Amino acid sequence: MNASDPGATRPRRFAAGGPLCGRIRVPGDKSISHRSIMLGALAVGRTHVTGLLEGEDVLSTAAAMRAMGATIARLDNGTWTIDGVGVGGLLQPRTALDMGNSGTSTRLLMGLVASHPITATFIGDASLSGRPMGRVIEPLSQMGASFTASPGGRLPLTLRGIMPAVPITYTLPVASAQVKSAVLLAGLNTPGITTVIEPIPTRDHSERMLRGFGAALEVEIASNGTRTIHLTGEAELRPQVIEVPGDPSSAAFFVVAALLVPGSDLVIENVGLNPTRAALFDVLRAMGGSIDEIDRRDVGGEPAADLRVRASALSGIVVDPAAVPSMVDEFPVLFVAAALASGRTVTTGLEELRVKESDRIAVMRAALELAGARVIETEDGLIIDGTAGEPLAGTPEGAEVSTHLDHRIAMSMAVAGLASRQGVAVDDTRPIATSFPVFEALLASAMSAA
Ligand code: S3P
């Protein structure tokens with residue numbers, strides 16, 4: 001959402017309405033969409049992107065890259081073209097870069113700006129302005145960039161980039177693909193070799209795409225799983241033709257909805273299944289969920305398949321904290337699945353959820369309690385005792401769960417509403433447009449296909 005225009009909220013009640021059936025296709029992957037615009041904007045020549053997510057977050061990235069010199073257009077057939085300025089060629093933006101709700105845009109673009117001789121001010125909405133940026137400020141300062149940030153290392157902040165920047169070797173203190181990517185993107189215009197050491201693997205879309213655009217990038221994987229990524233700077237990027245697979249984080253809402261609503265039998269086409277993203281589907285299968293992969297294939301250098309999901313009785317599970325980075329955005333909707341499972345689900349190691357678009361541990365605890373679930377909040381997770389398939393019964397008519405400008409809370413509680421007796425009222429569905437603008441339309445189509 002535009003930082004300067006909080007606008008009116010859009011409340012909506014989601015209630016049971018029969019099974020989800022037929023075939024749907026979710027929009028393109030958000031992480032890959034951001035990166036395709038950023039790298040396209042740094043290549044010399046024209047990049048073509050099909051399946052780009054046209055959500056507000058990705059549009060914030062596109063607006064920022066335009067403000068720094070790239071030419072970005074959408075053709076009538078839905079393909080996006082990006083004419084890049086070349087690594088080192090970003091221009092001084094004339095006004096502040098409005099990142100809306102998007103942490104990925106902010107942190108990755110901070111990396112890009114850091115090694116260019118330009119100054120940029122980043123602003124965002126109330127949710128983004130509460131999120132920590134120190135995790136990117138620290139390594140980028142080591143590379144020579146300087147910052148004036150709001151208290152606590154938050155937005156609004158002004159970043160003065162430097163050229164030439166200093167190549168660093170940086171060990172990630174938190175498992176964050178955004179921090180990793182910020183350092184690698186800064187390394188693109190830095191002489192020498194920039195190295196990121198990742199003790200716990202996170203999504204690897206940046207590495208895959210940097211290689212695809214022709215950057216010299218090497219990854220060593222140690223026997224304990226630590227990944228060391230070397231990027232040779234002053235790279236020359238070649239324009240690409242990119243097909244963006246469907247977003248597994250968006251598919252997740254429909255997968256859980258189809259598992260929970262009796263009689264559902266839904267095919268979700270073209271879902272990206274990069275192993276650094278797809279752990280939710282393994283966890284749901286281990287809980288008893290029927291999720292079949294059909295026609296596994298490669299889409300734009302990423303594994304993908306159609307998923308057939310049938311309503312299933314789920315059992316509680318202890319989720320291995322090692323899986324957290326590979327499903328970090330999917331916990332809100334996993335909590336909903338757990339609330340309907342038989343027995344107890346225990347999640348741990350979720351500290352990072354407290355600094356997402358909202359504090360997703362506290363916000364989901366409050367929302368699920370209002371919807372009638374039995375939930376215990378711990379420092380680093382939730383413990384949920386499920387209903388064994390009985391619809392949730394709790395929300396008194398009119399009581400609204402608070403989404404706190406968090407798209408994934410809104411969509412997770414919409415799914416909870418489908419599996420409830422009285423429905424679930426969501427205070428504001430506008431944030432859904434940041435990542436999944438057609439969510440409500442797809443839900444209506446799946447529910448009318450039975
Ligand atoms: C993302 C990384 C994750 C994720 C976010 C997208 C990315 O954030 O939560 O939605 O595209 O790199 P962190 O790096 O903060 O874990």
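The ligand has around it Ser-31, Arg-35, Thr-104, Arg-107, Ala-175, Ser-176, Ala-177, Gln-178, Arg-203, Val-328, Asp-329 and Lys-356. The structure is a predicted model. By residue class, this shell comprises five charged, four polar and three nonpolar residues.

**Contacts and burial of the ligand**
- In the side chain of Ser-31, a polar atom lies 2.7 Å from an oxygen atom of the ligand.
- Arg-35 places an N or O atom of its side chain 2.7 Å from an oxygen atom of the ligand.
- A polar side-chain atom of Lys-356 is likewise 2.7 Å from an oxygen atom of the ligand.
- The ligand taken alone exposes 380 Å², of which the protein buries 95%.

**Setting of the site**
- The ligand takes up the space of the largest pocket.
- Helix H1 (30-42), helix H3 (103-114) and helix H5 (177-188) are the elements that give two or more residues to the shell around the ligand.
- Domain 1 (12-28 + 245-448) and domain 2 (30-233) each supply at least three residues of that shell.

**Backbone features**
- Most peptide bonds are trans, and most residues other than glycine have a negative phi.
- The peptide bond from Leu-155 to Pro-156 is cis, with omega near -10 degrees; Pro-156 belongs to strand E9 (residues 154-160).
- A cis peptide bond also links Met-163 to Pro-164, with omega near 5 degrees, and Pro-164 is in the loop between E9 and strand E10 (169-171).
- Ala-388, although not a glycine, has a positive phi of about 60 degrees; Ala-388 is located in the loop between strand E20 (381-385) and strand E21 (400-401).

Key:
Residues numbered from 1 in each chain as written. Predicted model: local features only at pLDDT ≥ 70, side-chain atom pairs only at ≥ 80, totals over all residues. Heavy atoms only, no water. Near = heavy atom within 4 Å. Polar contact = N/O pair within 3.5 Å; in protein donor to acceptor, adjacent residues only side chain to side chain. Areas by Shrake-Rupley, 256 points an atom, 1.4 Å probe, with all protein chains shown as cover. 1 Å grid on protein atoms, 1.4 Å probe; cavity = no way out; pocket = protein on both sides within 12 Å on 5 of 7 lines; lining within 4 Å. Sits in = over half its atoms within 2 Å of the grid points. Helix = DSSP H or I, 4+ residues; strand = E, 2+ residues; numbered from the N terminus. Nonpolar A, V, L, I, M, F, W, Y, C, P; charged D, E, K, R; others polar. Domains from an automatic or database assignment.
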